[in-house]
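Here's a quick look at one chain and the way it meets its neighbour. Have the model open while you read.

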Amino acid sequence: MRLKITIFFICLNFLYANGGLLKVDWSKIDTNQQKTRVLPKVLKNGIKNVTLPVYMPRYYIYERNISIVSDANFYAITVELDRATLMISGDRTYQEKVISKSTKLKTKIESITDKFIKAEGIISVDFHRNGVNYSLSLECDAPDIDPRCTDDRFLKKIYNGLVLIGGKR
Amino acid sequence: MKLTISIIILLFISACTHQKKLTKEEKAFKYTPAGVLVPSNSGKGRVGDNYIYAPNIRFPIEKAPAYINSQVYGVGGLHGKRGGVCSKENYQYPWHDNYCENRPWSMPLCPSGKGHQGVDIRGATCEDKKYFVVAVEDGVITNIGKYSVYLRGKSGRTYRYLHMDSKTLRVKKGQKVKRGQRLGLMSNNFGNTKTTIHLHFDVKETIVVDGYAQKVYIPIYTSLVDAYKRLLKGKP
């Protein structure tokens, strides 16, 4: 009986499972950009199984203090700067799907893409590229006095210097 | 027919008598509805949105009691009533949602388009480095900043924990963690900025609206109420 109930709930769970994978649009991606780049081992190994375009700030590719956490559908690269932490992540997964009757919610959600915000002392930007989502953020040890975190110019420069370093189709 | 009715009555009585009695903590727990911000001038929340966006997460503080209320508009806060931040009023039920509380930054899911992207949680008392903060689901630690810890759960959600004491962190970048595993101790670490002893907890997930996907900070209060009830029941 208990088994039957468990099976019932598992089935129910699948019916309401809302998550899934976003489709990557590879058509507009210039892969030549990545072919010419020789990457440090940590990045090369870390991104080899990632199935979305991997972007990385141009200025920090050869930085020593880089670490990466990744799986097939996600990556997060951290660069330890002097008294600050820079992070970029890309993600193919989604958790909710909403079909909205009015365009209001879509417009609201679209409005935050590429918008730089400073929240909780951390400067960040979320953006949508090639069908998937990316986040770039900078956390300073002294968020109120460090000029890299008191306004968004520093992070904007990094954002404008993002380059494609890999990703498996 | 009579037999069937008798069986139904018996089953009903049995179900009623077997209901577990509420513990003292469960009885004491009170919370105001999601989106009702206190005080009322602290912002406009998502009133009526009772959807649990992150179902079945574990409560991020290891042990009850813990208190969700405003750090900014609470007693001793920047815009709060006069008094010390350790005032008794800050450490009692009912909980108050503070997602969407007045903040200057963009938040598409807040009625005003701006607001607090997470909730603030206090421990049982005002003591520093006493209460353990834990993983809300199985996952991996993707990043640790000066005052932040990022956990990517198996669900794909990103849970962000702010203000833990960095010297007491028990996890490292890239480390896999289990639901309920200790991450560190609640504190007031905010770099060079002043804050109260609390945990700021927020959750980001990707929502697809009519085919357009974007990562957003989701309303998390209802999920935390749900998680806390399980914690009080002893089934976190």
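This is a predicted model: local features need pLDDT of at least 70, side-chain atom pairs count only at pLDDT 80 or more; totals for chains, interfaces and linings use all residues.

Residues are numbered from 1 along each chain as its sequence is written, with chains lettered from A and ligands numbered from 1 in the order written.

Chain B has three helices and ten strands (DSSP runs, H or I of at least four residues for helices and E of at least two for strands, numbered from the N terminus). Along the sequence the pattern goes α-α-β-β-β-β-β-β-β-β-β-β-α. Buried residues, those with 20 or more other C-beta atoms (placed from the backbone) within 10 Å of their own, make up 47% of the 236 residues in chain B.

Now for the neighbour: 34 residues of chain B are in contact with 44 residues of chain A, contact being C-beta atoms, placed from the backbone, within 7 Å. These strands of chain B each supply at least two residues to that side:

| Strand of chain B | Residues |
|---|---|
| S4 | 139–144 |
| S5 | 148–153 |
| S9 | 199–209 |
| S10 | 212–217 |

S9(B) gives the most, with six residues. S9(B) also pairs with strand S7 (residues 96–98) of chain A, in the parallel sense over three bridges; pairing takes at least two DSSP bridges. There, B:Ile207 is the bridge partner of A:Glu96.

Notes. A residue is buried if 20 or more other C-beta atoms lie within 10 Å of its own, exposed if 12 or fewer, and partly exposed in between; C-beta atoms are placed from the backbone. Two residues are in contact if their C-beta atoms, placed from the backbone, lie within 7 Å.
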